[in-house]
Amino acid sequence: MTVQEALGKRPLQVLEKIRENLERLNEKMEVMIELQKHDRKDLQKPLADAPLDVMTLLSMPDHLRKTAMTLCRLGRATAEEIAQQTQRARAVESAYSNQLVIMGYLKKERKGRKAYFYVERENHG
Amino acid sequence: MTFLGKIIAVHSYKGGTGKTLLSINLAATFVKQGKKICLLDLDFRAPSLATLLNVTKSDYWLNDYLNGTCEIGKVLIDSSDRIHNGGKFFIGLANPTTEAIRDMSAKDRKWEMRALGRLLALRNSLLNDKGFDYLIMDTSPGLQYSSINAIVSADLVIVATTFDRSDVDGTRRMLRELYDLFEKKTEIVLNKVLNASSSLMKENVQTKIKDVYQAPLLGVIPCFCDVLRAEGNTIFVQEKPEHPFTKILDGIASEIDRA
């Protein structure tokens, strides 16, 4: 099926899908830009479901600790909501939060157009 | 939303600096002013509030709340009758049995992470929902998990310190390598100060605060024999309302209120 055929059938759904994909691509690029800025040091030991405890918070670089601590306080938040607390740009918080997801400290869940970040505390160990 | 309540963690580098004495008497000072106060014993390695406040039995402990087996409301004991003509005074105790101390010292990192979540949740459940004015957390000295969890949860960290050289050095490092990293508002209480009223000692205190700690001074508590003699059998500010120790605590409480 060509794009034109798809557009003819369900134009809104297809456009929405394209927008979602662009947003995800944008998020990945933001993470890559931030990793470049910090020489990839933050991703030296990617972990699966690493506990975000206070000792981990202490060992983090300052820029990631600020994001992680804000999310600890908020429980569950979008990059926009984190940015309101930290007074940094939404794109920066999005990049840092995504980095923390890759490192295994945060979880991410999409609800419609919004991406929520959270610390998974229950039902483990 | 109007939000006035605050969480205060009372911490120190070394043991024996007067954290618990300060916590109990600061809580009692606020209660005497008519405030609604919750005092929590987060020193799970050496619980002492139960003994000092003469509580012999409790159905639920803070250990249970942090383990996720009960709500915080079940842990809190109404001790308002301990302070005459005051506000409301609730306490939450750490289980002092050897078995409980051993159990708490063997917790893993995931448990500590969940415990942090439960401490952070107290802001909503106690300050916002139950309207406490202050939640005061008495902690273990040094870099213990439970203490750092309390520090992360707090709005203000009061550091009790003395002129002991190792304590001064350790406190200085904690200020830079712990409280600053968490961007915590931190204030110093210098305790057990000898000859506190002499001009030489006053100068010494100012030098230490300015050059070594580089943190605000909340109060200076001289070494009072009367306080030592009480041996923790009474809530000092309640029993001795005119004593200089009580007046100093009044000053510290007013300073915290103003901030």
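This note goes through a predicted model, taking the contact between chains A and B, then a helix pair in chain B, then a sheet in chain A.

1. Start with the contact between the chains. Chain B gives 15 residues to the contact, and chain A gives twelve residues. On the chain B side, two helices each supply at least two residues: α6 (109-129) and α7 (145-153). The largest share of that side comes from α6(B), with eight residues.

2. Now look at the make-up of the chain B side. Eight of its residues are nonpolar. Five are charged, and two are polar.

3. The helices α6(B) and α7(B) also pack against each other. In general, two packed helices are described by the angle between their axes and the distance between the axes. Here the angle is about 35 degrees, and the axes lie 9 Å apart. The crossing of α6(B) past α7(B) is right-handed.

4. Which residues meet where α6(B) packs on α7(B)? From α6(B) come B:E112, B:A115, B:L116, B:L119 and B:L120. From α7(B) come B:Y145, B:N149, B:A150, B:V152 and B:S153. Sorted by type, the residues of this helix contact are seven nonpolar, two polar and one charged.

5. Turn to chain A and its sheet. Three strands form an open sheet in the order β1-β3-β2, and their pairing is antiparallel. Strands of a sheet pair through backbone hydrogen bonds, either parallel or antiparallel. Why is one side of β1 (76-77) and of β2 (107-111) left without a neighbour in the sheet? Both strands stand at the edges of the chain A sheet with a single partner strand each, so one side of each has no neighbour there.

6. Follow the pairs one by one. β1(A) pairs with β3 (residues 114-118) of chain A over two bridges, in the antiparallel sense. In this part of the sheet, A:A77 stands opposite A:F117 of β3(A).

7. The pairing of β2(A) with β3(A) is antiparallel too, and runs over five bridges. For A:K107, the bridge partner in β3(A) is A:Y118.

8. Finally, check the turn. β2(A) and β3(A) form a hairpin with two residues between the strands. In that hairpin, A:G112 takes a positive phi near 65 degrees.

Notes: Residues are numbered from 1 along each chain as its sequence is written. Chains are lettered from A and ligands numbered from 1 in the order in which they are written. This is a predicted model: local features need pLDDT of at least 70, side-chain atom pairs count only at pLDDT 80 or more; totals for chains, interfaces and linings use all residues. Two residues are in contact if their C-beta atoms, placed from the backbone, lie within 7 Å. Helices (H or I, at least four residues) and strands (E, at least two) are DSSP runs, numbered from the N terminus. Ala, Val, Leu, Ile, Met, Phe, Trp, Tyr, Cys and Pro count as nonpolar, Asp, Glu, Lys and Arg as charged, and the others, Gly among them, as polar. Two strands pair if DSSP finds at least two bridges between them. Axes are lines fitted to C-alpha atoms, for helices over the stretch in contact, and angles run from 0 to 180 degrees between N-to-C directions. A crossing is left-handed if the near helix is turned anticlockwise from the far one by less than a right angle, and right-handed if clockwise.
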